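Please read the points below with the sequence and the 3D view open side by side, and check each one against what you see.

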Amino acid sequence: MLMPWWMKIYIVLFIIVIISNLFFQFKLKGRKIIIVYEFFSAVYMVFLIVAYWTPILINNFNPYYLFALPFILGVDFYLTLWGKEEELGVKMPEMSHKEFETAKVISIVFASPAYITGLLLACHVLLNKPVFYPV
């Protein structure tokens, strides 16, 4: 099973959005811990996507690599759904509260393929059988 073209495009777009978001947060002087967390969670999610679509990686995947997945999903959902601008350390004078909330929803929708792939990988590794292959 090879990675489909649409997933390769998604990974490239995901990386571009993460890099631009990190640059934007540096520019706005966001909280450093959030910036570092976002970088490492993005790298981890890309790792899970690549592992899911690479036969040699998925068949030899160590379950210990999945320990971070619930933490990352929990923190991402918390920050996206319930996190306030003050918690994120970002002051955006040109955005209203409603626009900020809309941006958070778009963020979770855009990241959802990464979350779904990570969960599919976890099911595959923990159940020791393929759960779903769309190709």
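1. Phe67 counts as exposed, with a relative accessibility of 62%, and Tyr64 is likewise exposed at 59% relative accessible area (exposed means over 50%, buried under 20% and partly exposed in between, with a 1.4 Å probe and protein chains only). Tyr64 and Phe67 form a tilted aromatic pair, 5.6 Å centre to centre with 50 degrees between the planes. Rings of Phe, Tyr and Trp (its six-membered ring) pair if their centres lie within 6.5 Å, and planes under 30 degrees apart count as stacked, over 60 as edge-to-face and the rest as tilted.

2. This is a predicted model, in which local features need pLDDT of at least 70 and side-chain atom pairs count only at pLDDT 80 or more, whereas totals for chains, interfaces and linings use all residues. Residues are numbered from 1 along each chain as its sequence is written, and side-chain values use heavy atoms, with hydrogens and water left out.

3. The structure holds twelve aromatic pairs, and ring pairs also link Trp6, Tyr52 and Trp53 into a cluster.

4. Ser41 lies in helix α2, residues 32-53 (helices are DSSP runs of H or I with at least four residues, numbered from the N terminus). Ser41 is buried, at 7% relative accessible area, and, leaving aside neighbours within four places in sequence, Ser41 is in contact with Ile72 and Asp76 (contact means heavy atoms within 4.5 Å).

5. Asp76 is also one of the α4 residues that meet α6, where the residues on the α6 side include Lys104 and Ile108.

Terms used: Helix = DSSP H or I, 4+ residues; strand = E, 2+ residues; numbered from the N terminus.
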